[in-house]
Amino acid sequence: MATFDLLAQGLLVALQPANLLYALIGVTLGTAVGVLPGIGPALTVALLLPVTYKLDPAGSLIMFAGIYYGGMYGGSTTSILLNTPGESASIVTALEGNKMARQGRGGPALATAAIGSFVAGLIATLGLAFIAPTVVKFALSFGPSEYFALMLLAFMTVSAAFGESTLRGLTALVIGLALGLIGIDQLTGQARLTMGLPNLFDGISVTTLAVALFAIGETLAVVAGHRFGGEKAQAIKGSVMMTRADWKRSWMPWLRGTAIGFPIGAMPAGGADVASFLSYSAERNFSKHPEEFGKGAIEGVAGPEAANNASAAGTLVPLLTLGLPTTATAAIMLAGFQQFGMQPGPLLFVTNAPLVWGLIASLLVANLMLLVLNLPLIGLWVRLLTIPKPWLYAGILVFATLGTIGADGSTSMLGPVPVSFGLGLLLAFGVLGYLLRRFGYPIAPVVVGLILGPMAEKSLRQALQISQGDPMALFHSWIAIALWLLALTALLLPLWLRMRGRGKVLAQLATDED
Amino acid sequence: MKHFFLTTLVSGLLTLSAHAADYKIMAPAAPGGGWDQTARSMQAALQDEGISSNVQVTNVPGAGGTIGLAQFVNQANGDPSQLIVGGYVMVGAILTNNSPVTLEQVTPIARLTGEYEAIVVPAASDIKDMAGLVEKLKADPGSVSWAGGSAGGTDHITAGLIAKAIGVDPTKVNYIAFSGGGEALAAILGNQVTVGISGYGEFAEQVKAGTLRLIGISSDERIEGIDAPTFKEGGADVSIQNWRMVAAAPGITDEQKHAITAEIGKMAKSATWQKTLNDKGWADTFLAGDEFSKQLNKDIESTTVILKEIGLVK
């Protein structure tokens, strides 16, 4: 009961007019940066940190929360409409969402993303308020061997993003895995595949790769394909809003996405991207319309979008209860807390109760505000597709470039010309993205490989190091065993079904194989 | 609200008109990290105290600060208005990354703040104190798994120094590198490892709540407010401080160096800076001039030795 009282008090704090204004500024800024490729919520919060120095603690934390949720929201818009995800958590959204947009169903895709994000944000924020201590216990039971098993399961989802050919999908995945090896090996401190270039010591940034492959690659493909004006974009076909059938197909994925996203966000080495991959594969397995996957299935938008928002709330669980930041944005929010002399940790709920409940309440407010702000805008967003392509893609190029320069401030002089290494990488990977498209290779597995590869390698080596080389340690807990079994099922079940020749879908899949 | 916008506007106008004591501070790290926070706190203190009218912070992240350092050495030469923030982590990164640019190429001004390394065990652990850890390490170093930040970082170096100090081969230390103190903390709380080693701040709240036991701290003497013996008391003669500093450009004159040192000294004593230290829980370990240079050289020397012994530097 005390929890309800505290939450009500928190709502009173969050509903003060000044704080509502901060929430509005936050969600608007957050949505804007989420939409822009390459500029993430982490950078925005960091740049705002010194500004908020002069605000009161409640107001600035509320603004950060707005930016955080807004960023998760905004990323889906460009993913769906332009096939250019603003950040890594929206990559899977592009898979189905963009297909839907190309069929003139951009409206329902955006709507299911917005409502799904709202539902997930609401449930996950309430989860943060009521079951945070339990969730944190579960998240902490994940050690390196459990993470390795989780990564294996996540790899199984990559095959879902392979598109039409397994061989091409695997090739794309291997490119991503190879790129993931670049940089200083965290466990031994040795540089790998860096060719002696200090700029490569920290590895390839996921954002740079994703923005390059999707945004720059897409732009080059549009230019090279002379698609200006030729292919008439279908902005709207049918209703802008979701139909009855859309609702019916969306609500379960929203709930499943939330159930997957929240605990994974709470895990120290989880993250919104991993949660969205897992949700996508879950939807593909559960869907009554698996044949539509890869061609614009609404479940493939609803699930991952709910998962990435739930995961954003999940991240706050270890941050508030343990003082443990698990994402870049959370790390910066932690700096924000400390700026006001609060120390997130096991005692925070006791020592700073009004502020914490104010924050939780303002997350609820920000969530609602986003829905109210975004639903009416959908009609406007889909008109983006009617902007003449040269203008649209020129704009995307400008923002992708600005975002990259903003995130990587390093420049070196090549004669009298200042050169940015990050920008060079962006362009090089952009060309790679074009070539992959040109020859029919899927894009998503490359980015997935870059995200999951290093995580899987690290957890495997950590697990073996802790057990001093005993491989049985990989199966030391029931969680790990359960994850291994799930991963094996995900791998073997389709093979078995195919061997028995069951189902139209699988037969279809089989004929698609190269 | 209104007041806030007004002050921003006014300070914005003021910065346009002044040019005399401008500073450009480089944080060789991404926004949000320790060096970035140091640079931005300096910016606030220098401006609020009226020491400088216009301070800009730029972020050049990468490779333990060595990318920023290289850019600073190449582009700031002889320019007294440019500063760079750095720290002990840079000393190790320069060595392990084989960086072409070193700290000898900049002009060290002052050490601003520092944090001591702490060793913790889960509350239920059978290790009760430093002596218990030393005993276990001597019996079988491999059976003690240490969770800390990246390989070659301050945490790893400290673990190596402790092994060396008690006569255990530093290469036998079973050090599990995590992405940072936070992820290491999760592994300790989840009972995945034997001990955790990181900056005291990473563990402070857990220690207060009683979920972790603090068995030692890397300072020379006991610290007020922290209930733990030093490593030395526990039988491992190691003291180490993960400090942060500010340095000026290479090639500036002695007068310019003295002027900058005086201004930074004034900032370090100011009420704004002291409040920042207090709010963020940063220890005031201010040290300037020759004493700092001496300390810096000593740290570089001992770090080179231990990184070679751990096998990270050839």
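Domain bounds here come from an automatic or database domain assignment. On that basis, chain B of this predicted model splits into domain 1, covering 22-114 + 242-309, and domain 2, covering 115-217.

How far apart do the C-alpha centres of the two domains of chain B lie? The separation comes out at 28 Å. Across the boundary, 10 residues of domain 1 of chain B touch 11 residues of domain 2 of chain B. The size of an interface is often given as the accessible area lost when the parts come together. For domain 1 and domain 2 of chain B, the buried area is about 960 Å², and carbon and sulfur atoms give 63% of that. On the domain 1 side of chain B, B:N242, B:I306 and B:E309 do a lot of the work: these residues supply 52% of the area that domain 1 buries against domain 2, more than any other three residues.

Over in chain A, the story is about helix packing. Two packed helices are described by the angle between their axes and the distance between the axes. Take helix α4 (residues 57-82) and helix α5 (residues 91-102) of chain A, whose axes come within 6 Å and cross at roughly 55°. That angle makes α4(A) oblique to α5(A), and the crossing is right-handed. From α4(A), the residues in contact are A:S76, A:S79, A:I80, A:L81 and A:L82, and they meet A:T93, A:A94, A:G97, A:N98 and A:A101 of α5(A). Sorted by class, this contact has five nonpolar, five polar and no charged residues.

Helix α5(A) also packs against helix α6 (residues 106-140) of chain A, with axes that come within 7 Å and cross at roughly 145°. Here A:G97, A:M100 and A:A101 of α5(A) face A:G106, A:P108 and A:A109 of α6(A). The class count is four nonpolar, two polar and no charged residues. A:G97 and A:A101 turn up in the contact with α4(A) and again in the one with α6(A).

Further along chain A, the axes of helix α10 (residues 244-266) and helix α12 (residues 299-322) come within 6 Å and cross at roughly 30°, so α10(A) is roughly parallel to α12(A). The crossing of these helices is right-handed. Among the α10(A) residues involved are A:R249, A:W254 and A:F262, and the α12(A) residues include A:E299, A:A306 and A:V317. By class, the contact has 11 nonpolar, nine polar and two charged residues.

Notes. Residues numbered from 1 in each chain as written. Chains lettered and ligands numbered in written order. Predicted model: local features only at pLDDT ≥ 70, side-chain atom pairs only at ≥ 80, totals over all residues. Heavy atoms only, no water. Axes fitted to C-alpha atoms, helices over the stretch in contact; angles between N-to-C directions. Helix = DSSP H or I, 4+ residues; strand = E, 2+ residues; numbered from the N terminus. Parallel < 35°, antiparallel > 145°, perpendicular 65-115°, else oblique. Left-handed = near helix turned anticlockwise from the far one by under 90°. Contact = heavy atoms within 4.5 Å. Nonpolar A, V, L, I, M, F, W, Y, C, P; charged D, E, K, R; others polar. Buried area = accessible area lost by both parts, 1.4 Å probe.
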